[in-house]
Amino acid sequence: MNKYEMMFIVRPDMEEAEIRKTAENMKKVLTDANAKVLEEKPMGQRELAYEIRKFNTGYYFLFVVESSAEAEEEFNIAFSNDELNNFVTVNDVVNAIKSKV
């Protein structure tokens, strides 16, 4: 199992309940793929560094998860929906290096 940080941005034109539901759906994708969500951080609405899909802001969420590569792939596939503006997945490389030293 690998540790990942997964950040995604939800469209700002959605109702608050829809935004929460989208985050819960993303969490369910992970848990259904046998990933363990270690940390979940809703980071609120923030300005984007550049326009994405004609939006200048978005609601940021960060999940820290422990999962297999297959779970990460399921998460990436789930991101191809219209509710999300953008996402990034980062493998916890720093801790991987520390564990080998």
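**Core and loops of a predicted model**

Colleague: Which residues have the most contacts inside the largest nonpolar core?

Modeller: Phe8 and Leu30, in a core of 15 residues. A nonpolar core here is a set of buried Ala, Val, Leu, Ile, Met, Phe, Trp, Tyr and Cys residues joined through side-chain atoms within 4.5 Å. Buried means under 20% relative accessible area, exposed over 50% and partly exposed in between, with a 1.4 Å probe and protein chains only.

Colleague: Which elements each supply at least two residues of this core?

Modeller: β1 (2-10), α1 (16-32), β3 (55-67) and α2 (69-78). Helices (H or I, at least four residues) and strands (E, at least two) are DSSP runs numbered from the N terminus.

Colleague: What pattern does the protein follow along the sequence?

Modeller: The pattern is β-α-β-β-α-β-α, with three helices and four strands.

Colleague: New topic. Where is asparagine 34 found?

Modeller: In the loop between α1 and β2 (36-52). Asparagine 34 has a positive phi, near 65 degrees, without being a glycine.

Colleague: Why does asparagine 34 count as exposed?

Modeller: Because its relative accessibility is 64%.

Colleague: And where is lysine 54 found?

Modeller: In the loop between β2 and β3. Lysine 54 is not a glycine either, yet its phi is positive, about 70 degrees. Lysine 54 counts as exposed because its relative accessibility is 73%.

Notes. Residues numbered from 1 in each chain as written. Predicted model: local features only at pLDDT ≥ 70, side-chain atom pairs only at ≥ 80, totals over all residues. Heavy atoms only, no water.
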